[in-house]
Amino acid sequence: MNWLTKLTPPGVKDIFSKKDTPDNLWMKCPKSNEMVFSADLPGLLHVTPAGHHLRIGPKMRMDYTFDKSEYKNVDIPAVAKDPLKFKDDQKYTDRLKKARAKTGDQDAMNIGVGKIHGIETVILVQNFSFMGGSLGMAAGEGFIQAAEYAVANKLPLIVFTAAGGARMQEGALSLMQMPRTTIAVQELREAGLPYIVVLCDPTTGGVTASYAMLGDIHLAEPGALICFAGPRVIEETIREKLPEGFQRAEFLEEKGMIDRVVARKDMRQTLAQILSVLLKTDYEKLLEDA
Amino acid sequence: MARTYLDFERPVAELDNKIEALIAEGGAAAKGVEELRETSKTKLKTLYAKIGPWEKTQVARHPARPHFKEYISGLITDYTPLSGDRKFGDDHALLGGLGKIRGRSVVVMGHEKGTDTETRLKHNFGMAQPEGYRKAVRLMELAERFNIPIISFVDTAGAFPGRGAEERGQAEAIARSIDKGLSVKVPFVSVIAGEGGSGGAVAIATADAVMMLEHSIYSVISPEGCASILWRDGARAKDAATAMKITAQDLKKLGVIDKIIKEPVGGAHRAQAEAVKLVGAAIVKSLAELELMDSKTLIKRRRDKFLDIGRSLL
């Protein structure tokens, strides 16, 4: 609030603050500070001209990844509702309701099945907009469901991760999703199916320390924050400032934790290439057939 | 022995001070000493019978609580400590080695917090780095190769949030340790002895039998951490401890753990030797049951057990 708005009476303020343009018509690129016309974003796969990869939700992710944006969703089994009866300054059930209203989803995981360059694939997208993508029972069940669907149908699994970590409101039941999702990874491995992780911004905490680091292949989007302990926690512990780029995708590539940093525009091609090698399929032929 | 009392133990501390004063005046046989001792004992028992999650957090962190070293010296014979992850270094926060428990060969590993400033620094307060978890994987592989059961003692505030730890792949190290623990072909028993803090704890606790000491805690984040995130106030740790259901009793009810090991009256820190013995008995009993199963059954049972967590609450 500036001095002018503070001094202006409420009625007048309304007139001044009325926007002739909707909030989201333009957005500011966090990387270059330039203004980007929002309507251009889908054409740019939500990557600003300066190369900043904006966080995107499950629908966009699947639209951008599957051939012709065609796929079907797979349902995720229901989980116990708020077994801890958790309440901080608001009830956990209220937080859930809000997140559901905001995203239109039941929880932080969405499963889609479709084709990438003709190769049938299961994709699991973790939605950072749903309570920070946090790994609770529902997200864990989503991961397990995606893996089991892949195993039952002999399909590869690609997971796009994004999470602030565990869901505190579910206490140790949230922590138990680390071993539970790991079991699902083992099932994929035993079935001989490719499991590719695409680490998106941000992937942290218990998510990184379980299924996100257990892929056959680890890809990451440019600039994504990927870590176990967040930068703030580390800075508080060691009492020094971390260097620029610490825990970013490029840093993890250098440290040997991920295979490649892949720009969103190249992601489909890269995934198809890897899958076609691992599955020994000829995707160009698949494309022709289609 | 000089004893430090926790805040909630004040009524007992007052009685004990009175007893000491009486003894100082008139010797051990002084009038009223015996009576006061009885009162103090009863008070301690009733106090501990109803302590809440926050009090338990303090007990779980008590410096005199048995640590990895006490469990080794009290339970394990022919102990040979093993060091290093064969990749980068050795981590003193997560120790391990070979030994025998009542004649039975075992691989043992666990967090060590240290007991005074010097040892706490040496063991990094029990907060392991990637090397600790990679050592754990190495030990589990060793156990598997020689068909020897595994025992782990969990006592950590969490994996170390440091710069080097992140650079060397803390997350990957924890993930691999969880992965190995879930697929290891030998019986695996885990004891949450003090603090079971988050990923750094579960990394070595994906066992066939997960047991918690009566006053230990196991949580997804420390009460202080939870409070500072949800209430933006670390001082609300007591509320966070209560809300997160971190006690052995709550977690048994939720199906997260398999068994609770009783502690001596007044907590394991009041009678270390007795506590260690009780833990030993629980481990041996559990190993005897698990040893009857072949590795295939063992792994399936372990996986089903973890997959059932949460589902059983529907």
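Predicted model: local features only at pLDDT ≥ 70, side-chain atom pairs only at ≥ 80, totals over all residues.

Student: OK, so which residue does E9(B) form a salt bridge with?

Tutor: The partner is R270(B), and the closest N and O atoms are 2.9 Å apart. That is within the 4 Å limit, so the pair counts.

Student: Where are the domains of chain B?

Tutor: The assignment puts domain 1 of chain B at 7–50 and domain 2 of chain B at 56–312. Their C-alpha centres lie 35 Å apart.

Student: How many salt bridges are there between domain 1 and domain 2 of chain B?

Tutor: The count there is 1 salt bridge. By class, the side of domain 1 of chain B that touches domain 2 of chain B has 3 nonpolar, no polar and 3 charged residues. The rule also finds 2 residue pairs in polar contact across that interface, both residues at pLDDT 80 or more.

Student: And how many residues are in contact there?

Tutor: 6 residues of domain 1 of chain B contact 8 residues of domain 2 of chain B. The buried area comes to about 590 Å², with carbon and sulfur atoms giving 64% of that. On the side of domain 1 of chain B, F8(B), L44(B) and Y48(B) lose the most area, together 68% of what that side buries.

Student: What area is buried between domain 1 and domain 2 of chain A?

Tutor: About 730 Å², and carbon and sulfur atoms give 69% of it. L45(A), H46(A) and H52(A) supply 71% of the area that domain 1 of chain A buries against domain 2 of chain A, more than any other three residues. In terms of contacts, 10 residues of domain 1 of chain A meet 7 residues of domain 2 of chain A.

Student: How many salt bridges does the rule find across that one?

Tutor: The rule finds 0 salt bridges between domain 1 of chain A and domain 2 of chain A. The side of domain 1 of chain A that touches domain 2 of chain A has 6 nonpolar, 4 polar and no charged residues. Polar contacts do turn up: 6 residue pairs across that interface, both residues at pLDDT 80 or more.

Student: You mentioned H46(A). What is its phi?

Tutor: H46(A) has a positive phi of about 55°, although H46(A) is not a glycine. Most residues other than glycine have a negative phi. H46(A) lies in the loop between β2 (35–37) and α3 (58–65) of chain A.

Student: And the peptide bond from D201(A) to P202(A), cis or trans?

Tutor: That bond is cis, with omega near -15°. P202(A) is placed in strand β7 (residues 195–203) of chain A.

Student: How many helices and strands does chain A have?

Tutor: Chain A has 12 helices and 9 strands. Its radius of gyration is 21 Å, close to the 19 Å that the globule rule gives for 290 residues, so chain A is as compact as a globular protein of that length.

Student: Now the two chains together. What area do chain A and chain B bury between them?

Tutor: About 4100 Å², 71% of it on carbon and sulfur atoms. Chain A brings 51 residues to the contact and chain B brings 47.

Student: Which helix of chain A gives the most to that contact?

Tutor: Across the interface of chain A and chain B there are 14 residue pairs in polar contact, both residues at pLDDT 80 or more. Among the elements of chain A that each supply at least two residues to the side touching chain B are α5 (137–152) and α7 (177–190). α7(A) gives the most, with 9 residues. By class, that side of chain A has 31 nonpolar, 10 polar and 10 charged residues.

Student: How many salt bridges between chain A and chain B?

Tutor: The count is 4 salt bridges. One pair to look at is R163(B) with E240(A), where the closest N and O atoms are 3.3 Å apart. R163(B) lies in helix α7 (residues 163–167) of chain B and E240(A) in the loop between α9 and α10 (249–254) of chain A, so the pair joins two chains.

Notes:
Residues numbered from 1 in each chain as written. Chains lettered and ligands numbered in written order. Heavy atoms only, no water. Domains from an automatic or database assignment. Contact = heavy atoms within 4.5 Å. Buried area = accessible area lost by both parts, 1.4 Å probe. Salt bridge = Lys/Arg side-chain N within 4 Å of Asp/Glu carboxyl O. Polar contact = N/O pair within 3.5 Å; in protein donor to acceptor, adjacent residues only side chain to side chain. Nonpolar A, V, L, I, M, F, W, Y, C, P; charged D, E, K, R; others polar. Helix = DSSP H or I, 4+ residues; strand = E, 2+ residues; numbered from the N terminus. Rg over C-alpha atoms; globule rule 2.2 N^0.38 Å.
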